[in-house]
Amino acid sequence: METVRVTRPDGRTDTFDAFYAANFDRLVLQLYAYTADVSAAQDAVQEAFSRAWARWDRVAGYDEPAAWVRRVAMNVATNRWRRVQAARAHARFHRAESVPPPSPDRAALARALRALPPRQRRAIVLFHIADLSIGEIAAQEGVPDGTVKAWLHRGRAALATLLTDEEDRRG
Amino acid sequence: MDEQRLDDVFDRFRGGAPLAVAAGADAAREAFRRRRHTRAVVAGAFAALAVAAPSVAFAAGAFDRTPPPPGVIASDPPARTTEPTQRTTAPPTTPPSTPPRPTEPADVPAAALLRELDVPAGYRYRGDAVDGDWSLAAIAASCDPPRGVEPPGVAQRGAAFRRGPDESLLQVVERMPTSSAARQWLDELPDRLGTDCGRVRFAVVAEDFAGDGSLVVRATADGGEPNLYVFVRQGPLLTQIWQKHQVTVGVAEDLGRAAADRLCQGTAAC
């Protein structure tokens with residue numbers, strides 16, 4: 001891990017630090033649900049925070065700055081080009097402290113989510129993991145509420161089947 | 001697995017321990033500083049060479065897409081040639097807090113198209129001529145009544161790859177007037193095609209596998225083999241790819257993913 005220059009605290013830094021601390025864990029969890037890869041989730045979220053800092057004066061004024069960071073992170077995670085760039089930019093800052101790998105339950109759900117079509121997966125993650133409402137998801141995706149409901153219905157049905165199969169395999 | 005158990009799985013997923021140790025807000029700022037430094041070096045090199053080639057800057061990863069704030073519909077940046085209606089002679093009293101947003105090129109740079117290393121083995125680049133009736137629009141035009149599915153691009157560039165005497169892989173990239181126009185065109189494509197136009201049947205066999213939007217359309221004419229048409233969008237850039245005799249959707253998706261990455265080198269939307 002490289003040495004990181006510590007920024008002298010000021011109002012802008014303080015609000016960003018508090019925002020980062022309050023949202024990092026849950027955003028990584030949401031991106032892990034989306035990618036099934038802890039490192040990719042971590043890099044995408046860190047990249048999104050880095051971009052948020054670049055325009056923090058503006059982002060801090062949004063109603064939901066965390067929603068902005070999540071959208072950037074999902075864009076980064078979705079695109080191979082951006083994903084590689086993020087990994088290069090942030091891998092050097094990974095902390096040496098290790099944390100246990102995701103529990104079997106978490107890993108099984110993440111793998112099952114990964115098998116869903118992207119829009120169904122995104123809807124499931126936003127609704128069940130990020131706690132967005134159907135209306136909020138519809139607005140973000142630019143589709144009617146009914147489309148989101150259909151994605152959720154189909155996605156849950158597919159997940160139930162995939163997780164049952166996984167349970168059968170695990171005995 | 002019933003509904004209640006599935007909800008329990010989500011509850012347990014949300015309720016567990018953190019997955020990673022945060023690198024920290026200072027690390028996020030440091031990454032931004034390093035990127036800004038890299039951009040400054042790249043910009044300096046451009047100034048020294050007096051070369052304004054946006055595609056090279058894209059290749060250097062100098063542009064980042066950022067979404068609009070939640071609840072705000074994305075709009076396109078103003079065109080490079082747009083002049084302000086009023087000019088101010090007074091210098092600004094404070095510098096802008098963020099670097100100026102990169103402008104969208106007016107054309108389609110060659111770097112935004114596929115290269116030999118992106119396409120199946122054995123294909124060789126044979127120039128930018130992609131004339132002929134290979135496109136989905138050409139097929140759809142033969143319907144009765146004809147289906148109009150020609151994207152109304154403002155700039156275009158093609159790439160032709162050949163393998164042996166008979167195998168072709170063709171790509172065309174269109175710059176649409178705006179990102180929203182490109183998105184709307186791609187979203188509406190399945191409806192414009194329909195599923196059956198008499199002698200040709202259409203089916204969307206894959207979607208959302210690459211870029212900001214993507215589709216694979218299978219067109220099957222009476223008595224002929226199916227043709228797969230790959231469409232991928234990144235911002236205002238829209239590409240169509242066709243490989244002769246290729247009927248495997250997975251291969252078509254791989255081409256689309258490679259094309260999506262290349263498109264990023266031709267638009268500030270990535």
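Which pattern does chain A follow, read along the sequence? Chain A runs α-α-α-α-α-α-α-α-α. That comes to 9 helices and 0 strands. Helices here are DSSP runs of H or I with at least four residues, strands are E runs of at least two, and both are numbered from the N terminus.

A word on the model. This is a predicted model: local features need pLDDT of at least 70, side-chain atom pairs count only at pLDDT 80 or more, and totals for chains, interfaces and linings use all residues. Residues are numbered from 1 along each chain as its sequence is written, while chains are lettered from A and ligands numbered from 1 in the order in which they are written.

Back to chain A. It has 171 residues, and 43% of them are buried (20 or more other C-beta atoms within 10 Å of the residue's own, C-beta atoms being placed from the backbone). Take helix α2(A), residues 38-54. Of its 17 residues, 15 are buried, so α2(A) is largely enclosed by the rest of the structure.

Now chain B. Its open sheet has 7 strands, in the order β1-β2-β3-β7-β6-β5-β4, with antiparallel pairing. Pairing takes at least two DSSP bridges between two strands. The edge strands are β1 (124-125) and β4 (200-207) of chain B; each pairs on one side only.

Look at β2(B), residues 155-163, and β3(B), residues 167-175. They run antiparallel, joined by 9 bridges. Phe161(B) has Leu169(B) in β3(B) as its bridge partner.

Key: Expected span 1.5 Å × (residues − 1). Buried ≥ 20, exposed ≤ 12 C-beta atoms within 10 Å, placed from the backbone.
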